[in-house]
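User: I would like to go through this structure step by step. Please answer my questions in plain terms.

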Amino acid sequence: MSTDTATKPPVGVRVRSWFGDNALKFYAVIAFAYLLLPVAYTFVFSFNDAGRTNIVWQGFTLDNWKNPCGAPQVCESVVNSIVLALGVTIMSTILGTLIAFALVRYQFRGRGTTNLTIFLPMATPEVVLGSSLLALFLNIFVPLGFWTVFIAHVMFCISFVVVTVKARLASLDPRLEQAAMDLYANEREAFRRITLPLVAPGIAAAALLAFSLSFDDFIITNFNSGQFTTFPKFVYVSATRGIPAQANVIASAMFFIALALVLVSQIRNMRRKEA
Amino acid sequence: MSIAAAIGDTLEEQPHKNKPQKQGRFTPYWLLLPGLLWLTIFFIVPLVTLFGTSLMTPVPGGDVGEFEQTFHFANYVDTLTDSTYYIPLFRSFIYSGIATLLALAIGYPLAYAIAFKGGRYRNILLVLVIAPFFVSFILRTVAWRQILADEGPVVAILRYLSLVEPTGGVYPSAFAVIMGLTYNFLPFMTLPIYASLERVDHRLIEASGDLYAKPFTGFRKVTWPLSLPGVVAGTLLTFIPAAGDYVNAALLGRPSNTMIGNRIEYTFLSVNDYPTAAVLSFILMATILVLVLFYIRRMGTEELV
């Protein structure tokens, strides 16, 4: 007993640190509730028996989940968004990864200008990016549609790909590549068998980021899309007259798919570290 | 995680332990060419075009949306002295400033809790911070409209506590807009702060305790300065998009809460007054750049002290 009390800090300190610990945890729980409340609302209202306007709760139904394409334009816009985001992901990941390699692995003149050109699009508000690109398209009479949105999305995704891949690449030990070349791998083999596999997680993370940025973008899309409708644009346009519950179904389904994918990979990582 | 990494490295150049060592003279330029060409044609050229547009005047006797280049710099004076424009501009910076402070007040303790109390669940808690991104941000903002509506739970609680009039509400209002901005950009604040807190060496904090610093002093003198890069990145990533946002003001506010983004969108897409919209875009961008440079310099010097 006496040893027990001797090792413990005095009561006052213990009370204070218990309070400190739990106050912080309590605060974190409230912050998480704030972050996730609208997500929960979106999910709950996907079961609303609402008909066309999904504003007030009118009773539980599974109809929306059974027929997610039931409302006009919902699935069409989702397909548009997915096709667009896939194309944007491929293009911006290639362009951004090349830049990241140049920045980390080579010494060249014009590095400062390059860094500035990468940084500026991230520091520019979306209205400015959207309106300036529209000004260009209007001036040279480019018809708005899928391709103008594609161009715009690739433009703002490149910078995010560059910084993500660059971070991974910079943390790699270049001696690994040298070792491969000491063991008679030529430069191309060393790249393919050593560098690329090690950078792959960074490229994958960049691709995921580009996909989600493109899929969820509204402001730049709204300026440059003309008649072409993406999912966020569809939701925004229908917000005035009421969003069909099917939009909530699709958003909730995507939420759970994405969450499951990320959680599975995180838990696998955790296991691997413990093993 | 990826976002955190991306954000963390946006501002600070990666320190290379090992110098870049490949020699190919033209290789880096071939690697840079396609991406930089894309950014030049679709980012820099548009900005120049936008600047050109901002100096145009209507074609005499022309249709709506027809303009000619007259290098009419007075467009800037006309727009800046028009209260339908400078008031929303001013309001944008007030709203996004308050939202940034609120996001810091919520995001810093959250990041701190995850980094120092999260234990083995840290990564899963981080996923929960990013999770809202998986639902379209417009749907989430619309959800806030339902949550804050007169028949929603928030108003019911506030009425019960007599914090609003029995017939009063909280939506649409400036409060709802600022709350929405805070909400939408909170993960952008939390992730970079987490990224820099995670790198803090716990032994430094212990050392401050060993040297008789009280926990709060230890935080103020050790943890907070070490987390400043994250705080700077987080505040910028919140403030910049919030200042240009118009979705929150459009969905959660009244006409009297319009921000400069709403004005730009309306003038550009509905009125087709391209020069005025271009002027507004340029003023917004210039103001943000000035604020950001000032802020980075100030934070940079404070960090040295």
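The questions below go from the contact between the chains to the domains and then to single residues.

Analyst: This is a predicted model, in which local features need pLDDT of at least 70, side-chain atom pairs count only at pLDDT 80 or more, and totals for chains, interfaces and linings use all residues. Residues are numbered from 1 along each chain as its sequence is written, chains are lettered from A and ligands numbered from 1 in the order in which they are written, and side-chain values use heavy atoms, with hydrogens and water left out.

User: What area is buried between chain A and chain B?

Analyst: Contact means heavy atoms within 4.5 Å. In that sense 93 residues of chain A are in contact with 91 residues of chain B. Buried area is the accessible area (1.4 Å probe) that two parts lose on being put together, summed over both. Carbon and sulfur atoms give 76% of it here, and the area is about 8,700 Å².

User: Which three residues supply more than any other three of the area that chain A buries against chain B?

Analyst: The area between chain A and chain B is about 8,700 Å². Of the part that chain A buries, 9% is supplied by A:Y34, A:L35 and A:Y106.

User: Which helix gives the largest share of the side of chain A that touches chain B?

Analyst: Helices (H or I, at least four residues) and strands (E, at least two) are DSSP runs, numbered from the N terminus. The largest share is 15 residues, and they come from helix 2 (residues 11-44) of chain A.

User: How many residues on that side of chain A are nonpolar?

Analyst: Ala, Val, Leu, Ile, Met, Phe, Trp, Tyr, Cys and Pro count as nonpolar, Asp, Glu, Lys and Arg as charged, and the others, Gly among them, as polar. On the side of chain A that touches chain B, 15 residues are polar, 11 are charged, and the nonpolar ones number 67.

User: How far apart are the C-alpha centres of the two domains of chain A?

Analyst: Domain bounds come from an automatic or database domain assignment. Domain 1 of chain A covers 1-71 + 247-275, and domain 2 covers 72-243. Between them, 11 residues of domain 1 are in contact with 10 residues of domain 2. The distance between their C-alpha centres is 29 Å.

User: How many residue pairs are in polar contact between domain 1 and domain 2 of chain B?

Analyst: Chain B is divided into domain 1 (27-72) and domain 2 (73-304), with C-alpha centres 30 Å apart. The two domains bury about 1,200 Å² between them, 74% of it on carbon and sulfur atoms. There are 0 salt bridges between them, while the count of residue pairs in polar contact is 6.

User: Is A:T230 buried or exposed?

Analyst: A:T230 is in the loop between helix 10 (219-224) and helix 11 (231-238) of chain A. Not counting residues up to four places away in sequence, A:T230 touches A:S77, A:S81, A:L84 and A:T221. Buried means under 20% relative accessible area, exposed over 50%, and partly exposed in between (1.4 Å probe, protein chains only). A:T230 has a relative accessible area of 2%, so A:T230 is buried.

User: Is B:Y212 buried or exposed?

Analyst: B:Y212 lies in the loop between helix 9 (202-210) and helix 10 (215-244) of chain B. Phi of B:Y212 is near 70°, a positive value in a residue other than glycine. The relative accessible area of B:Y212 is 77%, so B:Y212 is exposed.

User: Which residues does a cis peptide bond join?

Analyst: One of the two residues, B:P172, is in the loop between helix 7 (153-160) and helix 8 (174-198) of chain B. Omega of the bond is about -5°, and the bond joins B:Y171 and B:P172.

Conventions
Salt bridge = Lys/Arg side-chain N within 4 Å of Asp/Glu carboxyl O. Polar contact = N/O pair within 3.5 Å; in protein donor to acceptor, adjacent residues only side chain to side chain.
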